[in-house]
Amino acid sequence: MKLAVKWPAPANDQLRCQRKWTRQNMKPLALILFYLVVVALPLLLAWLTGGPPRPLLQELASGLGMLAFSMILMEFVLSGRFKKISNGIGMDVTMRFHQLMARTALAFALLHPFLYRGTASGDQRPWDPTRQLTTTTDFADLSSGIVAFLLLPSLVLLAAGRKQLDYKYETWRLMHGLGAVLIAGLLLHHTTQAGRYGSQPAMTWLWMAFTALAIASLVYVYLIAPLREIKQPWRVTAVTRLTPRQWHVTVAPDGHKGIEFKAGQFAWLNIGHSAFSLKENPFSICSAPASGPEISFLIKELGDFTRTLGRIKSGTTAYVDGPYGSLTVEGRNVPGIAFVAGGVGIAPLLGIIRQMRLTGDRRQIKLIYGNRTEGQIAFRDELDQLDVTYVVSEPATSWPGETGHIDHALIDHVFSPEEIREWLFVMCGPAVMMDIVEDHLVTRGASSHHILSERFDYD
Ligand SMILES: Cc1cc2nc3c(=O)[nH]c(=O)nc-3n(C[C@H](O)[C@H](O)[C@H](O)COP(=O)(O)OP(=O)(O)OC[C@H]3O[C@@H](n4cnc5c(N)ncnc54)[C@H](O)[C@@H]3O)c2cc1C
């Protein structure tokens, strides 16, 4: 049975979809506004607590220092493990925002001490008992700031160059977390001891509350969430090799009803380790919510964990933290859905396609699925039922289908100008593929609101 049947949604459905769509648009805006308010809160309180007027450069120095500190503390919450954030704006946007804000905070933090040039410094003056007009030269007060000043660039550089440095992802994650906690502690000391505003009682309380919130977010992710997972274990029910380097892993809830998720979302999967272990990896759920509580993943061999999939036995305990992500077609009032997948990027798209089939969603669909070789095409029998275009970049001489990479010409060949303008495009695959397709769709008149994508890599 082909699924390519055009079927307009009934009027009521359209109205419901439009309302949902408007709510979806509001989420990112509300989150950005909330972020700006929180980050600017110390500046506002500093302004309200007042103090004698100072030269503009010095106010700027204090302001940048405060902004840098509040942004660094907010980075803990932007770690991607809070569904209210990452499910609202998407995981890759959350992580990109985390990276961008880390770099911005670094620039502010590095700049801020140099703007104090020309300020009276040294011991406390009798006419300035609360250090409103002098900067301290007390080494004990400054030392924490100096150490943080040196550690912060290292933390950001080690994160930016993680791929080039050959150490395990889990080791990096641990060092990144511990480094961030150390920097937050040092900055709290520096801000409340050496800061011109931070020493005011109201400001000291605010900084302590912000730091506590940041640390609490880590405690939640590494302690409270695993404790909850222990009460809701899963069991591996099947591990099957689908293609030479791709596996199908299925897990079932053990004594509970599983997770509620939307087709296309992903979860952090931990198989065979303690719930507190850092050995957990994000994978898209390739089964449909409508198919029951058992969930499955399509996983490509890549590194430490994924290369050991063949050794996992049925019955092994697993933990599932999810669902996360915003790659969902729910509430989208479109006549058709275009799927573009590269390699294992087919995984979340499979979940959506399966859900559409199981729930009788009659919107028209087309799929372009690219792979290096024909042997890497996963779930081919199932996908053959769709309006599918396979593309192979290293074809055997007998390959009858499209060859090369997914590019402009292929998109124009498969989709009509009307489909490009009106359909929803859902993509997952190599970053370069998604960039090429997205740019081309926008050039051809597609609205960026009609293009959804998921990245498996945030670098
Ligand atoms: C949202 C999302 C969905 C994904 N869905 C799928 C999927 O359906 N199928 C699939 O095969 N792959 C998927 N991936 C990629 C998958 O997570 C990595 O391939 C896997 O974690 C590699 O683990 P490893 O231990 O084998 O390799 P490693 O050598 O340890 O890691 C290789 C790379 O994978 C990434 N990675 C590893 N561990 C983590 C982690 N805990 N958190 C974030 N990134 C990590 C890092 O970029 C790392 O450099 C997804 C990734 C993301 C972010």
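This is a short tour of one predicted model, stop by stop.

Local features are given where pLDDT is at least 70 and side-chain atom pairs where it is 80 or more, while totals for chains, interfaces and linings use all residues. Residues are numbered from 1 along each chain as its sequence is written, and side-chain values use heavy atoms, without hydrogens or water.

**Stop 1: H2 and H4**

Select residues 56-77, helix H2, and residues 91-111, helix H4. Helices (H or I, at least four residues) and strands (E, at least two) are DSSP runs numbered from the N terminus. The two helices pack at an angle of about 150°, with their axes 8 Å apart. H2 and H4 are therefore roughly antiparallel (an angle over 145 degrees). Now show the side chains in the contact (heavy atoms within 4.5 Å). H2 brings Leu64, Leu67, Ala68, Met71, Ile72 and Glu75, and H4 brings residues including His98, Met101, Phe108 and Leu111.

**Stop 2: leucine 106**

Stay on helix H4 and pick leucine 106. Leucine 106 is buried, with a relative accessible area of 14% (buried means under 20%, with a 1.4 Å probe and protein chains only). Leaving out residues up to four places away in sequence, leucine 106 touches Leu152, Pro153 and Val156. A distance drawn from its C-alpha atom to that of alanine 68, 38 residues apart along the chain, reads 6.9 Å.

**Stop 3: the cores**

Select Tyr35, Leu73 and Trp207, the residues with the most contacts inside the largest nonpolar core, which has 39 residues. Such a core is a set of buried Ala, Val, Leu, Ile, Met, Phe, Trp, Tyr and Cys residues joined through side-chain atoms within 4.5 Å. Helices H1 (11-49), H2, H4, H5 (139-160), H6 (169-194) and H7 (201-231) each supply at least two of its residues. H2 gives the most, with 10 residues. Another core, of 33 residues, lies apart from this one; among its residues are Ile346, Leu349, Met356 and Leu367.

Go back to leucine 73. Beyond residues up to four places away in sequence, leucine 73 touches Ala184, Trp207, Phe210, Thr211 and Ala214.

**Stop 4: two backbone details**

Most residues other than glycine have a negative phi, and most peptide bonds are trans. Select glycine 322 and proline 323: the peptide bond between them is cis, with omega near 0°. Proline 323 sits in strand E8 (residues 317-324).

Last, select phenylalanine 379, in the loop between strand E10 (364-371) and helix H9 (380-383). Phenylalanine 379 is not a glycine, yet its phi is positive, about 50°. Phenylalanine 379 is also buried, with a relative accessible area of 18%.

Key
Axes are lines fitted to C-alpha atoms, for helices over the stretch in contact, and angles run from 0 to 180 degrees between N-to-C directions. Angles under 35 degrees count as roughly parallel, over 145 as roughly antiparallel, 65 to 115 as roughly perpendicular and the rest as oblique. Buried means under 20% relative accessible area, exposed over 50%, partly exposed in between (1.4 Å probe, protein chains only).
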